[in-house]
Protein chains: 2
Amino acid sequence: MKSKTPFNLRQLNRGIRVNRFHRWARCGENPAMRQSVPLDRCSRLLNHGPTVLVSAESGGRRNVMAAAWSMPLDFMPPKVAVVLDKQTFTRTLVETSGHFALAVPPVALAALTHRVGNTSGRDRDKFDAGLASAEPGPATGAPLVDGCVAWLECRRIPEPHTEQAYDLFLGEVVAAWADDRVFRNGRWDFDGADDSLRTLHHVAGGHFLAIGDVVAYDTSLDPAA
Amino acid sequence: MKSKTPFNLRQLNRGIRVNRFHRWARCGENPAMRQSVPLDRCSRLLNHGPTVLVSAESGGRRNVMAAAWSMPLDFMPPKVAVVLDKQTFTRTLVETSGHFALAVPPVALAALTHRVGNTSGRDRDKFDAGLASAEPGPATGAPLVDGCVAWLECRRIPEPHTEQAYDLFLGEVVAAWADDRVFRNGRWDFDGADDSLRTLHHVAGGHFLAIGDVVAYDTSLDPAA
């Protein structure tokens, strides 16, 4: 199996092994790079529109899927919205457990994001199959995917009509975390960090763009003032 | 007034003047760069999470605001979701007209996006005040802001509970357009185009990131196959 692991994923695994994520994932450590994000700042983790991984666990079953369609919904208490198709096993787990996690994968996880977004976890545990690794979130038990740069643990806000009619799920964020190599002083800051840590933004058909650089512009408010 | 126009905006105006947008905006032309996007592809305009401008018109009153919190909701018929705070005048116009437009501003409109996102249009028409220019959308009459790189005209899907409880508005896209310098063959393609045409992604407090480059990765689906 190892010999069939694509090069990018092997590189990634090696990267995880030499940084502290690996130890954290195995030993429950909370390394310096995985910092708690205050709840009143956690909407900033999704403000810029990254593709996310949605994960959930219920009764010993786990799953993770990719979703380009998620967004913040409120500041405090922080809420999020995410579209979960009726066919997805993750949706079943969210409905039964009442919890889910959104994680923000970086460029280094592009292949993983593509894979978990194109296979079903109903008949096979994607984690056991080696498509991703994770540990249970301390607040909800939902799997937090290793190697991501942010994680939001959420409690489902039941809205049966919205869920049925639009596949739209709402959640209250109860805990949030970010990799402090790229989320510093309460905001994303990719300057000086490795490009493999930039967030992924889905275009179409498995094509992603990485987030780019800071935009410099004149912030004076009103040309007519 | 002209002398107070910030440099970036002056540059932008010059850019508009030398391309065909200016003539289109003034004369109602539909230049080659503003192409109709098939409705079954229009979710792709928002897939990658750009900050948008939300605009609406009702009874001769117009407004435009910035929103980082929007996303696609369905493919066909295409639907979108956007958060509109109760304090915004745009929300009032959406409620009374039943229509709104989402437009995707590029880097060249960062200052404009910041300005219309930080002033209220309730007491003053932002267009008349020179903060932005627009023409009525052919499908809905909602203002389509000049200089953007994509536009989605939407019919509000009334969901009073969702709107009241979460400030969450849903819409069906009835027409969509994109600048074919950066949206080609049914997807965003910023390669080779001027960086001023890249989309804006709000981080926090008026700080934006531009969308970056294509992510290369191994697309083979399953390491365990």
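1. Helices and strands are here DSSP runs, of at least four residues for helices (H or I) and at least two for strands (E), numbered from the N terminus. The model under review is predicted, and the remarks below should be read accordingly.

2. Chain A contains 5 helices and 14 strands. Of its 225 residues, 51% are buried. Among contacts in chain A with a separation of 6 or more, 67% join residues 24 or more positions apart.

3. Helix H3 of chain A spans residues 89–97, and its buried residues are Thr90(A), Arg91(A), Leu93(A) and Val94(A). These residues lie on the same side of H3(A), because the arc they cover around the axis is only 160°. An α-helix has 3.6 residues a turn, so residues three or four places apart point the same way. The cover over the buried residues of H3(A) includes strands E2 (52–58), E3 (61–67), E6 (99–104), E9 (150–157) and E10 (168–179) of chain A.

4. The largest nonpolar core has 134 residues. Those with the most contacts inside this core are Ala103(A), Ala150(A), Leu152(A) and Ala103(B). Leaving aside residues up to four places away in sequence, Ala150(A) touches Leu45(A), Ala103(A), Val104(A), Trp177(A), Ala178(A), Asp179(A) and Phe183(A).

5. Between the chains, 60 residues of chain A are in contact with 60 residues of chain B. On the side of chain A that touches chain B, strand E14 (residues 207–214) gives the most, with 8 residues. The residues of that side of chain A comprise 34 nonpolar, 18 polar and 8 charged.

6. How do E14(A) and strand E14 (residues 207–214) of chain B pair, in the parallel or the antiparallel sense? The sense is antiparallel, and the pairing runs over 3 bridges. Within this arrangement, Val214(A) stands opposite Leu209(B) in E14(B).

Technical notes:
Residues are numbered from 1 along each chain as its sequence is written. Chains are lettered from A and ligands numbered from 1 in the order in which they are written. This is a predicted model: local features need pLDDT of at least 70, side-chain atom pairs count only at pLDDT 80 or more; totals for chains, interfaces and linings use all residues. A residue is buried if 20 or more other C-beta atoms lie within 10 Å of its own, exposed if 12 or fewer, and partly exposed in between; C-beta atoms are placed from the backbone. The arc is that of the directions from the helix axis to the C-beta atoms. Two residues are in contact if their C-beta atoms, placed from the backbone, lie within 7 Å. Ala, Val, Leu, Ile, Met, Phe, Trp, Tyr, Cys and Pro count as nonpolar, Asp, Glu, Lys and Arg as charged, and the others, Gly among them, as polar. Two strands pair if DSSP finds at least two bridges between them. A nonpolar core is a set of buried Ala, Val, Leu, Ile, Met, Phe, Trp, Tyr and Cys residues joined through C-beta atoms within 7 Å.
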